[in-house]
Each structure stands twice: as C-alpha cells, then as structure tokens.
Amino acid sequence: MTAALPYPALHASHGGVWLREEGVTRPVGKGEAIMLAADTPLLLLNAPLVANRLGYPDLSGLDLLELYAFVHPARFVVPTPKGLAHALGLAEPADDAGVPALLHAAAAELIARCQRPDWPEREGAWSQLQSLARLRWAWAGVLAPAIERPQRAERWLFARLPEWEEAPERPQPAQIVLNEAEVARRLASLLDANAEERPGQRDYARGAAQVFSPRARNQVPHLLLAQAGTGVGKTLGYLAPASLWAEQSGGGMWVSTYTKALQRQLRRESARAFPPATDSKAPPRVVVRKGRENYLCLLNLEDALQGGFSGRAAILAQMVARWAGYSQDGDMIGGDLPGWLPTLFRQRGMTALTDRRGECVYAGCPHFRKCFIERSVRASASADLVIANHALVMINAARARDPANRPTRIVFDEGHHVFDAADSTFAAALTGAETIELRRWVIGPEAGKAKGRRRGLAARLADVASYDEDGARAIAQACEGAGALPGDGWLGRLNEGAPWGPLENLLAAVRALVHARDESGGQDAGYGLETEAAQLDGDFVELAGAAQAALEAIRSPLTRLGLRLEALLAEPPDWLDAAGRARIEGARGAIAWRCDLLAAWIALLARLGGPADPEFVDWLSVERSDGREWDIGIHRRWLDPMKPFARAVLEPAHGVMLTSATLTDGARTDAAAWEVAVTRSGAGHLGIAPARLAADSPFDYASQAEVLIVTDVPKGDVSSLAAAYGRLIEASGGGALGLFTAIRRLRAVHGRIADRLARSGLPLYAQHVDPIDTGTLVDIFRDDPRASLLGTDALRDGVDVPGHSLRLVVMEQVPWPKPSILHRARRLAGGGSAYDDRIIRARLAQAFGRLIRTAQDRGHFVVLSAAFPTRLLSAFPVGTPIRRVTLDEALQSVAGGVSATDEFGAATRLEADTP
Ligand code: SF4
C-alpha cells in the first residue's frame, strides 16, 4: 500500500463532522469544515451527500467514489464507508469518527491497485487519465505517478469494443405440449439439493407449462393468471417449463418485470435454467432488454468526448467512456454503471449520452456495428430468454414494425403492475415539453443552442433529399410545419402573456383555464393543478382547432415522407447499399412513430369541440413542483387501458401469464378477489376466460409477523408523526422502512429525527432528501442493519431486502388514492368506494410484502392511523396477527420483537449492544 495522501479527510453525517489531518481525527463544526473545504482539497466520500449534510452546495474535493469509478469501472460498491471498506478488503470503521482514517486508507489502496501488474482494468486507463488531466479532474495529478505509460499506444474505446454478429432468422418454434413429469423433473434439477420440498411450487410450474401449449384459434392466446404468495418460488416455477419449452421447441420467450430489482434477480436466477453455452462465441441464451433510452449511445459519447461537453459534464463523459470499455451491456440505468455515478456530477449531461430523443442514424453511424442498443436488439432475437420490462413489451407490441421480433410467449411477473404500465404506454399527452421534443426531432436544435451532434430530419436524411424530389419536398414541409410548435423559452413567454404560434396560444389558454377552475386544493401547496376537459368555450375550441391544423401540417408531409422511404426500399436505387437500407428502415420506423403520436394529439384536439368519448378520460393540467410550473398540457387516458393492451399484446400472442403475489384483490383467492384479477387482465376484451392458479405462501405469518395499527398518533400533526417514527426506529434498532404518501411530510419527518437517530448510531436515509438514486438507497439500506430508509411509492413495491436489514415497515397513514380527475372517472366506473378499497388493499399488501421475504424473516408492520377501516384488514395474509394498539404498546412489541430469544433476535440484540 502507498503512503497516506497529504490531504485532510472529511466525513459528515447527521451525527456530526470529523476531520483527519496529520494522522489525528477530531470533531469539527460545520463552519470550520466549510472554510477548510473552500481553501484545501479534501478527501471525501460522496461529495453531494457531504455537501447536503454541511448545507454547503458548492462543496468539491477529492471524492473517493470518483476514484473508485476510475480504478474499477463497472464494479459494484455500496457508496458508504462500510461498503467501500468491504469492496477494498479494509477494516470497517467502528463509528463515524473512524471514517476519515478509512478514507485515507481507501485512497492509498486504490492508488496502490493501479501500480499492480495484474490490475484488471488497466487497459485504457493511461490514455483516459491524460484526457482527464486536461479537464483538470481533481484526482488526475494524484494518479499520474501511479499509472505507468503503456509501451504500445492504447487502442481507443471505439476500437476496443466488440462488434455484434448478424444472426440468421429464427425458424418458427415447434408446436409442442410439455410433459408434466418432465416439467417436475426440470424444476427439481434447478433447485438446490438441500432445498425444501415445496408442493406449491410444483403445482405452479405445472400450471405455468400450460401457456406454452399450441393455441387452438387465431387471436386467442392461452392466458393464465397465477396468484403466488411470497416465498412460493415463482421465478424458478415458470423458468422450469420455459427452459424446457425453449429446448424442445427451439423458440424464445420473454419475461417482463416492472422493477429493476426483479430484473436483476431474474438475470441471476435464469443462469440455472438457461446455463450459458459452453462455446464462448455462441450468442447469449439470456438477454436483458430495455428501452433505447437506457443505453449509452456511442455516437453521442464520441461527440461529448470531442468537445461537445464542458466542465464537470466532460469529466462525467470520460468516466462513462472508461466504464463503457468494461460494461457488460452498456446499460446506463440499472445496469452495471454505478447508480451513484451520475449523481456525483448532478446528472449533468447524462440524458445527452443516451439516445433519448430518437436521433439515431442507424447504419449511418460509424459505431453501428458496436452499438450497445443494436447488439441487445440482435441478441434478443436469437435468445432463449429475454428479460424485459412491461413498458418495453407493450411499446414493442404496439410500435414494432417487424412482427417477427414480437414475443409470442410472455410471462408478466409483477403482473399487478401491468395495468399501470398499460395506462402510461397507451396514454396521449399534448404538452409543451412533448411538443418541443418533436420540434427538435424535426428541425434540430435552435440556432446557437446546438449541443453536440444533434441535427434535424433534413440533415439526417440529406442523401434521400438529394435523390428524391418528393422526399425533399416532404422534409421541407415537415420542417416548416414544425416551426409552429413551441420553441425554447415557451414557458417564459406564457408567463409573460406573450405566447407565440398556435400551440403556445392553446397552451396559454389551457394554463388560464386550469388556474381558473382547479379546486384540488393544490394551489397553496405548490402541487400540480388540473381540471377536466369539459365546458370549454368557443374561443378555446377555436384555439384547439388552429393547433389541430398546425399539427396536421406536420403529420401530412411526414406521412408522405414515410411512403417515399418505403418506395425507396421497395425499388432501391444503385447507391443504396445494405448500410443505407438499414438507416432508411430505421428512419421509417421513427417517422411512423411520430405520425402515430401526431394522430393521437390530433384526435385529442378534435374531441375538445365535440361530445366526450366514454372510452377516454381527458383533462388539462399545469405540472408544478414546489410551486414552480414546468409543463402545461392536455392529457388523454383510456378509461380501461387493458383494452389497447388486449389488442396489442394479448391478441397476437400464443401464451401469456400474469403472475404476482398481489394479483387478486388483497391477495385473497375467493371468487370476488379473482374477478378483480380477471377484469384487470384485459381478458374480457378478447372474450376469453383465463385459466387461474393460486399457490399459497409457505410462510408462517402467525409467528413471523405482526400488524400493529396505532390509534393515538393524531392525524395531521407532523411533530407527533415524526416523534412516532423516531421512537419506532429506536425501538427496532434501525432496519425500518418508512412509507409516505406525501413528499412534504416525508421531508418534515426526516428533518426532525435524522440528527437524533444518527447520534444513536442509527443512520436514516430518505428519498427526495438525500442526493442518491433510489436503487443505491436500497443498496445502502440492505447493507447496514442499523440503517433505516424513508420513501414514497417506488419503495412500497420495489424493495427486495430479505433478512435482518428490514424488520419494521411503518406506514404514515392509510394509503388513499390521490383524488385526481382520472381517479374520479375510474372510481365512478369501478364501483365507487369499493374501487378505492381495492386500491388501498393492493397497496397495503404490496407494502406488507416487503417485510417477510424468507422463512427466517421476522418483523412488524405498523400503520399510524387511528381510523384504519376494518374492511381493509383482509389485505394482510390469512393468519397474520393484527392488533389496534397505542404507540407505547407498539413500541413494546417492536422492541420485544427485535430482542426475542430466537436465534435471529439474539443476533439483533448483540448488534444493538455493540457501541
Ligand atoms: S447506432 Fe444509433 S444509438 Fe447506436 S451508437 Fe450509433 S447513433 Fe447511437
């Protein structure tokens, strides 16, 4: 190990601030720390988080996380002192005061690793460091002596990345029926030799095998709804028949998830059912596929590296380039790019590194053959198992122009989210933010605002325009039409009462009407505002008509251009080589998507002047956060989004399974509860009765969990709420997940208790407070049994923390649905208060599901609500003890639970006693 660096090391938590200089650590005040940081480079861990703790947003320094990302790109680390210590094989600091010494040791260790001959990530490091030095990266000078100049010039990233291979078209799968005994044997072979016998899992696997059978009628898929309690082992339950079917039929199937956590788990577990081929050159059997906007676009990266970015964003681009050379699949969001890396750079430049705006030039791109997105698309066409997400499956089904690429056997895991995913996928939103995106896609960035290589349609299709007169005319007309869309500064113009063009005029009228009519009570709280699209006067309808005509003036030439491109592909000119063809095919797909978008907007505007369509819910909105307006527009949702889902996804499929622990109402399996699941599957729109399967959880909830409904925390009193949270977390010794329905209350509670808990050695993290992405917050929470985490909706369902780290869930109140215009319409159609109850039971069941993940888990589920209706109690698994108690009684139970005399509790007590 090299000698300690001559820089002071600073650590700040909610419990205090510590500084280490010349081998001595001492507590310091925030003021002293800030003054020192302004003068001297300091060693820090996670600068934005330290800045947040100090209340000094401009803090910068030598961040150990940046150093880690350079030395070990694409390697996982929990970004905490403990996590860093584990990743580097160093001793964990005993307390906050021990952290600065760890920072010195970690820096020395990381620098020493660069000097070792067997440093696995050496390739590219020297060259990248030279670029980072030019950008004045804080670590560049420190690392320079440690990284030896290679004897031969290093290949740059774009030369090092492998090319994807073109795969032959896949033949149709054989029509087979899986043999039950074989399915059972396959399942047994996937389980560990010492795994417990789980009859529920066997039945589940047998049921899942049905969806792979040949279908009897066109447009009538096998549809299975499988309610599987937590712990049934559903993943291997469906992967067993899926892997058998893939082997015997030669086909590929998709599993779709809603959360990234499950996607990661599936990637791990699928290796058992689909072991990688022994030939390392063979295409992968399992591919994770996400939307394009998740992946690094190499052309955008090249542009950023060559001067498109400046300042910290340019350093981030270098870090991303370093990672790209070692990444498994180029997935920047939820893949192997550390989730904390972009937040270190305050997300600057991240969006511009992906293909978020659909500006890909396909085969016209010099990196096409190495492109991560293209590789994932090709790999998924030949894979046996594609792991995707609900949104991508639906977009693919609705928009993919190549039916051969559509999956025909799909398992929707986390099936209770299919409704929400369909709701967003099949929605239309004509808003300022959406229209400006379209304008940029057609015309390109406005003069003087061009960042990087972004160009408009005319530049992207310049060769077509020079060859085809009609095509050139259509491009010119589309550009002229797009000039009427909102441009940069549109919100400012609306605020000043000086909108420009037909769309901005309409948006100004929308804004005025929403402010006039909104009665949600959100005005003072700074939340978004909305009003239904009803009783619109003649002036408004006239403005909508003008906007409609303006949109038509874009759609019509774009449609013609699409036809011209199709004609070019049908009768290709001499100059159109394979690469040009692929590029035009890509452009045709992108144009078709924009035409669909424009058609949806036009239909929405056309309805404003006429009678409402009962299939849709339309409303006007002003989006705000903390009182600041950031978007304005008109929205349309399907009253039942499972109708378009049934047509786009179910109808063309051969077999579909929806499975979840909370598919039915409150996870029950009586007839009424099943009716809910059937209605929400979309089966009714195809006139089919789905098969049903229920597998009960093997957990003994009567002894593993307890639900406590606290009756004496007054509603609306934030001080009492905060005190209750603080005392409950203390009673359990951390390990608490706190769920909120409002960000404002979450922040208020966190602000009141975080410091006190930290001084007791109980760190408290929070979504919407800590500058850390949600995935990393969960990693931190999982890694530290004394940590607690506060959050909102995303944590209610996306947290998989088995074991001791999660032993208490606290909900601040009954999770009532937000009374939005959309909710009101669906409530009316769905049975009034019974509809609300179903939503609440589902939310309670999902939140409760976080608590007990294995047969060894124990824990309490606490709801701080005196008025918790008895009819909602069926949300909890049968047999779970439920008590209405005072806060003091709840504290006794929670404290008793963590100091129980069982093996698990004894371990807890020991940890709690350790200083
Ligand atoms: S092919 Fe498209 S997405 Fe891929 S690197 Fe090139 S421009 Fe980016």
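Contact is defined here as heavy atoms within 4.5 Å. The structure is a predicted model, in which local features need pLDDT of at least 70 and side-chain atom pairs count only at pLDDT 80 or more, while totals for chains, interfaces and linings use all residues. Residues are numbered from 1 along each chain as its sequence is written, and side-chain values use heavy atoms, with hydrogens and water left out.

With neighbours within four places in sequence set aside, Phe70 is in contact with Trp119, Ala125, Gln128, Leu129, Leu132, Trp137, Leu143, Ile147, Met319 and Arg322. A nonpolar core is a set of buried Ala, Val, Leu, Ile, Met, Phe, Trp, Tyr and Cys residues joined through side-chain atoms within 4.5 Å; buried denotes under 20% relative accessible area, exposed over 50%, and partly exposed in between (1.4 Å probe, protein chains only). The largest nonpolar core comprises 67 residues, of which Leu64, Phe70, Trp137, Trp139, Leu143 and Leu296 touch the most other members. Helix H14 (residues 311-324) gives the most to this core, contributing 10 residues. Helices (H or I, at least four residues) and strands (E, at least two) are DSSP runs, numbered from the N terminus. A second, separate core of 55 residues includes Ala474, Leu513, Cys595 and Trp601.

The structure holds 46 salt bridges, a salt bridge being a side-chain nitrogen of Lys or Arg within 4 Å of a carboxyl oxygen of Asp or Glu. One of them joins the side chains of Asp770 and Arg53 (2.8 Å, N to O). This pair links distant parts of the chain, 717 residues apart: Asp770 lies in the loop between strand S19 (764-766) and helix H35 (774-783), and Arg53 in helix H2 (residues 47-54). Asp770 and Arg53 are both buried. A salt bridge is also formed by the side chains of Arg826 and Asp423 (2.6 Å, N to O). Here helix H37 (residues 821-829), which holds Arg826, is linked with helix H19 (residues 418-425), which holds Asp423, the two residues being 403 residues apart. Both Arg826 and Asp423 are buried. In the salt bridge between Asp797 and Arg850, the closest N and O atoms are 3.5 Å apart. Asp797 belongs to helix H36 (residues 793-797), whereas Arg850 is in the loop between helix H38 (833-849) and strand S22 (859-863), 53 residues apart. Asp797 and Arg850 are likewise buried. A network of salt bridges links Glu21, Arg26 and Glu32.

Two further residues were examined individually. Gln263 lies in helix H12 (residues 260-273) and counts as buried because its relative accessibility is 5%. The side chain of Gln263 reaches the backbone oxygen of Ala388 at 3.1 Å. Beyond its neighbours within four places in sequence, Gln263 is in contact with Thr257, Val288, Arg289, Lys290, Ile387, Ala388 and Asn389. Thr662 is located in the loop between strand S15 (655-660) and helix H30 (671-679), and it counts as buried because its relative accessibility is 10%. The side chain of Thr662 makes a polar contact with the side chain of His416 (3.5 Å). A polar contact is a pair of N or O atoms within 3.5 Å; within protein, one must be able to donate a hydrogen and the other to accept it, and residues adjacent in sequence count only if both atoms are side-chain atoms.
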